[in-house]
Amino acid sequence: MESYNNIGIKRRLRRFFRKDGRALIFAMDHGFEHGPTDFEETWEHINPRVIIRKVVRAGIDGVMMLPGIARIAGDELIGKEVGLMVKLTSKTELRPKEEWLMQDQLGFVEDAIKLGADAVAATVYWGSPYEGAMMRQFAEIASYAHDLGYPVVQFAYPRGPYINEKYGKKEDYRVVMYGARAAAEMGADMIKTYWTGSRETFAKVVEAASGVPVLLSGGAKTSNPLDFLNLVWEVIEAGGSGAVVGRNIFQRKNPETLIRALLRVIHRNEGPEEAAKAEGLV
Ligand SMILES: O=P(O)(O)OC[C@H]1O[C@](O)(COP(=O)(O)O)[C@@H](O)[C@@H]1O
């Protein structure tokens, strides 16, 4: 027989992933991680209720936020089939730049549970001089959450001086693959990481994660929404399990059409152009 906590982890993961094993998750930790200026062009979305209502209406599979926003607006998810992921680490861009390579813990697994979370998340900057501290933080969060039947998501983001020196950029597939593998080796149940620039290389990242679902970290808003649909389509074709998307959603005034098109690409295997046409994006 399986242990109680394994069943809990599986049930909760299914609140994000549909039967096809894929998910589109909305990320909204930017007010903390980048600062409120990220919302300046679509300022109405600084109010979490406004943007959460939009993404839920469009059919998003999950939402990721920090504990305080879950407290302010998490009730928007009550009665909806939308997974809630509470992220427990972050950093502000107000701290000295040398310390941007560290994420600190800002909440606890218990807080996430009280908020009704279906999963908890934490970042590890692989290759950072603070890598060890973030590994320890992740291990503590994961061990406790797993004991209680909660899945743990790792934002496996390689970045640091040696990476730049040896590989030139953090998106080099060997580096991204290394981070994804390290996340899998740490017991992550879901991995969020960067695009490596091609389907072939991203497929290697997925393989290195050995069955732990790998989701794209959205990145900066593309001026043409079709470019973003194309990117997510490449991720799916590479065997990726979906995407965790922030700016490409909340920095658009009417993100619902793009979300619906993304859901077509992710869950219905539609090509980007077909999906865009169906939703009136082009
Ligand atoms: O789709 P986006 O806007 O990149 O958001 C995805 C995630 O990446 C982050 O923006 C962090 O990424 P960066 O540090 O590369 O900006 C998070 O704040 C967010 O959860």
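**Placement and contacts of selected residues in the predicted chain**

Glu279 lies in the segment after helix 13 (272-278), where helices (H or I, at least four residues) and strands (E, at least two) are DSSP runs numbered from the N terminus. The structure is a predicted model, in which local features need pLDDT of at least 70 and side-chain atom pairs count only at pLDDT 80 or more, while totals for chains, interfaces and linings use all residues. Residues are numbered from 1 along each chain as its sequence is written, and side-chain values use heavy atoms, with hydrogens and water left out.

With a relative accessible area of 18%, Glu279 is buried; the term buried denotes under 20% relative accessible area, exposed over 50%, and partly exposed in between (1.4 Å probe, protein chains only). The side chains of Glu279 and Arg260 are joined by a polar contact of 3.2 Å. Such a contact is a pair of N or O atoms within 3.5 Å; within protein, one must be able to donate a hydrogen and the other to accept it, and residues adjacent in sequence count only if both atoms are side-chain atoms. When residues up to four places away in sequence are not counted, Glu279 touches Thr257, Arg260, Ala261 and Arg264, contact being defined as heavy atoms within 4.5 Å.

Ser3 is placed in the segment before helix 1 (4-13). This residue counts as partly exposed because its relative accessibility is 33%. The side chain of Ser3 makes a polar contact of 2.7 Å with the side chain of Asn5. Although Ser3 and Gly149 are 146 residues apart along the chain, their C-alpha atoms are separated by 9.4 Å.

Phe202, in helix 9 (residues 199-208), is buried, with a relative accessible area of 0%. Beyond residues up to four places away in sequence, Phe202 touches Thr193, Tyr194, Trp195, Thr196, Val214, Val235, Ala238 and Gly240. Phe202 and Thr222 are 20 residues apart in sequence, and their C-alpha atoms lie 20 Å apart in space.

The secondary structure of the chain comprises 13 helices and 10 strands. The chain is as compact as a globular protein of 282 residues, because its radius of gyration of 18 Å is close to the 19 Å given by the globule rule; the radius is taken over C-alpha atoms, and the rule is 2.2 Å times the number of residues to the power 0.38. The C-alpha trace spans about 45 × 45 × 45 Å along its principal axes. Of the 282 residues, 55% are buried.
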